[in-house]
Amino acid sequence: MSEQDTKLSSRAEDFLALFNKGAEFTRELLRENERLRKQLASVTDRQESAARNPADWEKLRRELMARIASLEEECTTVRERLDQVELENSQFAQRYVEVEEENNNLANLYVSSYQLHSTLDLDEVVKIILEIVINLIGAEVFAVYLLEGEDSKLVPVAAEGRELSDFPATTLGNGVLGKAVAAQESTCWDTERSEDLAQPIVCVPLVVQNRPIGAIAVYSLLTQKDGFSALDHELFNMLGGHAATAIFAAKLYSQSERKLNTIQGFIDLLTK
Amino acid sequence: MGHRILIVEDSPTMRQLLVFALRRLKDVEIVEAQDGMDGLRKISSDHFDIALVDINMPVMDGLKLISLIRGDESLKQIPIVVITTEGASEDRDRALKLGANEYLSKPIQSNQVLSVVKGLLKAE
C-alpha cells in the first residue's frame, strides 16, 4: 500500500468517526424532543381536564389562595425579623460608640495615672499635672495649689495662662477654693470662664488619706472647648486622688533623701 | 508593608496618649521625638509615612518644622497632622498654609486621631 493510500484511509476513518458522532447527537436530540413532546401533552391534558371540571379549578384556586396566605405570613415574619435585626444593628452601633468612648476615657485615665506615678521628683509631678490639665482636660487658665505651713495656707506653685504671682494664696476654709479644700469635695460651676482669680470655675482638692494637701483651680477653658464632659469629671476625680498621692510620695522621697544625706554626712564626719 | 508614624510632641503625657491611640492601627511602627529639632533629625534620617506635630515646643516649634519639611524635596510629600492647644482659626490657617494636611485641637479624642491618620494613610 502506498503512503498516499494510507493517508486517504486514515482521513476516511476520521470522517466516519465524525459522522457517527453526528448521528449519535441527532438521535439524542430526537429522544429529547420526544420527551418534551410527551411532557407538553401531559400538561395540556391536565389543563383541559381542569377546564372541563370546575371542581378541579376550585381546588386549584384554594391551593393557590392557601399558598398566597402562607407566603404573606412568611413575608410578615421576615419583615418583623428584618426590623428586629435593624434594631439590634442600631443598638450594636450605639454600643460600639459607647465602648469607643469608654476606651478613649480609660486610655486617658491610664496614661494620666501612669505619668503621675512615673517619677518621684516633685517638679516633674507638678509638670505632669499641668500637662494633664492642659492636654486632656483642655483648661486655659489654671493653677496648682499646695497646702503649706502651720497656718494651712494654700499657695499656688504652678500655673498656666497667667503669671503665677497673679494667683492669690488663700487659707483652708476661706474663699471658694479654701472652702472646697476644707470640705474635700470637688466643685464645678456650669460656666466656661471666670476672670476673677478668687472665683475658680472648678476646684479639685488633692487629698491623701482624708488629709488635704492642695488643690487644682481652673478658671477658664480653651476656646475650642465648650463645657466639661463626663471624662473631664473622671479626670478631676483621678487627679484628686492620684495627683495628691504622687505629690505626697515625691515630697516624702525628697525629705528622706535630704535626711539620708544629713545622716550620711554625719556618719562621714564621725568615721573620719 | 507596615506604616511608620513619627510623633513630634514635647509632652510625654500627650506622646503616650498618641502612641496608645495609634497602636490600635494594624502593623504600624511609631517613633517619638521630643521637640522640633529631634523630629527633623529623625524624619531626615529615616522613612516615615506620616508625621503628627505639636505646634508649641521648645528648641524648634512645630510651624518651623513643617516649613522645613515642606521645603525639602525628599520630605515634602509626607502627610502632616498638626496637634496643638491652639484652637483659634488663624493658628489653624497658619499651619495649613505652611503645608499641614490636617489639624487637631487639644483635648483630642483617640478615635479622632485614628480616623485622621487612617484617612491620610489611605490617601497616600
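At roughly what angle do the axes of helix 2 of chain A and helix 5 of chain A cross? The tour of this predicted model opens there; local features need pLDDT of at least 70 and side-chain atom pairs count only at pLDDT 80 or more, while totals for chains, interfaces and linings use all residues. Residues are numbered from 1 along each chain as its sequence is written, and chains are lettered from A and ligands numbered from 1 in the order in which they are written.

**Two helices of chain A**

Select helix 2 (54–116) and helix 5 (residues 230–271) of chain A. Helices (H or I, at least four residues) and strands (E, at least two) are DSSP runs, numbered from the N terminus. The two axes come within 10 Å and cross at roughly 15°; axes are lines fitted to C-alpha atoms, for helices over the stretch in contact, and angles run from 0 to 180 degrees between N-to-C directions. The two helices are therefore roughly parallel, a term for angles under 35 degrees. Next, display the residues of the contact (C-beta atoms, placed from the backbone, within 7 Å): among them are A:Asn105, A:Leu109 and A:Leu116 of helix 2 and A:Leu235, A:Met238 and A:Ala246 of helix 5.

**The sheet of chain A**

Now select the 6 strands of chain A, which form an open antiparallel sheet in the order 3-2-1-6-5-4. Strands count as paired if DSSP finds at least two bridges between them. Strand 3 (170–171) and strand 4 (187–188) stand at the edges with a single partner strand each, so one side of each is left without a neighbour in the sheet. Strand 4 pairs with strand 5 (residues 202–208) over 2 bridges, in the antiparallel sense; zoom in on A:Cys188, which stands opposite A:Val202.

**Where chain A meets chain B**

Show both chains. The contact takes 20 residues from chain A and 17 residues from chain B. On the chain A side, helix 2 and helix 3 (122–137) each supply at least two residues, and helix 2 gives the most, with 8 residues.

**Parallel strands of chain B**

Finally, select strand 1 (residues 3–8) and strand 2 (residues 28–33) of chain B, which pair in the parallel sense over 6 bridges. B:Val28 is the bridge partner of B:His3. Strand 1 of chain B also pairs in the parallel sense with strand 3 (residues 50–54) of chain B, over 4 bridges, and B:Ile7 stands opposite B:Leu52.

Definitions and conventions: Two residues are in contact if their C-beta atoms, placed from the backbone, lie within 7 Å. Angles under 35 degrees count as roughly parallel, over 145 as roughly antiparallel, 65 to 115 as roughly perpendicular and the rest as oblique.
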